[in-house]
Amino acid sequence: MQFHHHGYVSTDPRVQPAAGIGLNRPDELPDEMDVLIVGSGPAGIVTAAQLAQFPNVHTRIIERRDGRLKIGQADGIQARSVETFQAFGFAEAIIAEAYWITEMAFWKPDPADPTRIVRAAVAPDDPSGISEFPHLIVNQARVLDYFAESARNAPTRLVPDFGWQFEGLEVGTEGEYPVAVTLTRTAGPDAGATRVVHAKYVVGGDGARSAVRDSIGAVHIGQQANHAWGVMDTLANTDFPDIRTKCSIQSEAGNILLIPREGGYLFRLYVDLGEVGPDDKGAVRKTSLEQIIAKANDILHPYKLDVKNVPWHSVYEVGHRVTDRFDDVPVDEIGTRNPRVFIGGDACHTHSAKAGQGMNVSIQDGWNIGWKLGHVCSGLAPESLLATYSAERHVVAQNLIDFDRTWSTLMATKPEDLDDPTELEDFYVRTAEFPAGFLTEYAPSMIVSDASDPDLATGFPLGKRFKSAKVGRVADGNPVHLGHHHRADGRWRIYAFADRPGQHEESALKEFARWLKQDPASPVARFTPSDADLDAVFDVKVVYQQPHTEVDVIAAPGVFRPHHAPFDLMDFEKVYATLPEDDIFEARGISRDGAVVVVRPDHYVSGVFPLSVRDQLAEFFAGCLLPQN
């Protein structure tokens, strides 16, 4: 964390100085705004937290409730989401209060007495070390609290407008704020009052029954799986020995997915209620809490569950649906106009809860559309950038549905009906990278370069998230994770990995650095506003092949040592070196001739280029940013 560059700070340094809209933010919901977000769930609040980093973008987020969510239904936090928490500045805090999943136990009928269950296997949660961050369990409400705090502490001081319900919208073709949105007051002395506000763009994160989705005519495609589950958060005494371990429990009486919760006592049970007949007409949803508890005890035999308290429970039928598109442009009109309305989270993809994907995928939906709206509304990027949101996230959602259909089917299958006795645990281990959030791979587009040379850095695959690695910070000798300094501030990252020559020798790196800072055709010169700091749009870092003791931070090229207003202070924290025991060049397959790795504001790799080939880098940014000078 860097601070004091605007003057001495004696208060919480996580609270950024107010700027732009944040200097005079109206308390009441105004008539006009740049972006209106509907719903403060995961997709909505992450969009808000990202947009709050753009000082001159007026964003409002409305919520029909009269206050914060108190009990959330989602609780599984994949490692990719924890990486995102790091970018928004609260990973350490939420990790401290969360439950860590390190392994999963698989219980099955005892071959000697199938009426009893026994532990059959224990599988590590992350057998290949795909992330330095843990897999967590924590209440969704706390996740939303942290993102809301991030938005509140950001330059625009963004806070939700509670007590407003979305009724409908119309997209016009004229005026600066062409989207007319009808709202109804749900709380306060004026409850029931209706008004119309106008926005440039609208983001719908209003859940599975999304009114925003309906207003743009997006179609939910999919079907029910005709299988019901009872779910309950539980405080109980039990003689089941793995009550504090994530478990898949298969018995003759049905199946349970056990998820320990944060705090040491609470746990969640997904209890198999069996097949649902075509003539059920919703009757299974009337299954009582007592019936769910009794069913859980039958499945756990010979162990007993003495339930003391159930703060929340529900009954649901598994459904797998994804909308035909994630914005207001009909499928047959894609490419003919730019979108104005977007949907994210459960508004466009619904599935079972047992893979722990809903909140996690929604978080990435919000981050994806958030930085893109921030760039467009700030005048940094063309409106055509916004079409990439639906193109990218729709593929991710479909992959999620396909994965969850297989996983939930396996979870509901009786042990004797599996093709192989170890099929469930084998699938869990084999597909670990998907539920952890690391198989997303965006296709070439205006923000993923098809002119890249991926062989220059095989550990940073094009279109996939930037997998962090350790480096040595030259200024203070500290070993740090390179990716952990990529904050959710809306900036692009340009990582220059040096070629072989030492720092004081002529090299391809030095030539690249001179071009990047001085040449009018370079992205830094062309797309950074003339009145802004050198690194306002691009956070440019260098990693030398030599150890930090052989690198002089003051001798590094100037583009890696930007100065910050108002005191013109030099930034010492963009110059890195390799660690003798953990060489990033070796760990990530980076060419010893050097490479340039370009990373989007949301952590995904946009391009890999040689140090000596600059036209391709300039052309790439010319396709997704607008000249500022």
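Reply: Let's start with a pair of side chains: those of H484 and E132 are joined by a polar contact of 2.7 Å. A polar contact here is a pair of N or O atoms within 3.5 Å; within protein, one must be able to donate a hydrogen and the other to accept it, and residues adjacent in sequence count only if both atoms are side-chain atoms. Bear in mind that this is a predicted model, where local features need pLDDT of at least 70 and side-chain atom pairs count only at pLDDT 80 or more, while totals for chains, interfaces and linings use all residues. Residues are numbered from 1 along each chain as its sequence is written, and side-chain values use heavy atoms, with hydrogens and water left out.

Where does H484 sit? It lies in the loop between strand 20 (479-481) and strand 21 (492-497). Helices (H or I, at least four residues) and strands (E, at least two) are DSSP runs, numbered from the N terminus. H484 counts as buried because its relative accessibility is 19%; buried means under 20% relative accessible area, exposed over 50%, and partly exposed in between (1.4 Å probe, protein chains only). If you skip its neighbours within four places in sequence, H484 is in contact with Q86, E132, F133 and S468, contact meaning heavy atoms within 4.5 Å.

Now for some strands. Strand 7 covers residues 135-137 and pairs with strand 3 in the antiparallel sense over two bridges; two strands pair if DSSP finds at least two bridges between them.

Next up is strand 5 (residues 103-110), which has a parallel pairing with strand 13 over four bridges, with F106 opposite S248 of strand 13. Strand 5 also runs antiparallel to strand 6 (residues 113-124), joined to it by eight bridges. These two form a hairpin with two residues between them, and M104 stands opposite A123 in strand 6.

Strand 13 (residues 246-251) is mostly covered, with six of its six residues buried. In a regular strand the side chains alternate between the two faces of the sheet. Here K246, S248 and Q250 point one way, and C247, I249 and S251 the other. Strand 13 is also linked by five bridges to strand 14 (residues 254-260), running antiparallel. S251 stands opposite G254 in strand 14, and the two strands make a hairpin with two residues between them.

Back to a loop: P302 is found between helix 6 (289-300) and strand 16 (305-323). Its relative accessibility is 23%, so P302 counts as partly exposed. Leaving aside neighbours within four places in sequence, P302 is in contact with R116, I117 and D239. The C-alpha atoms of P302 and V118 are separated by 9.4 Å, though these residues are 184 residues apart along the chain.
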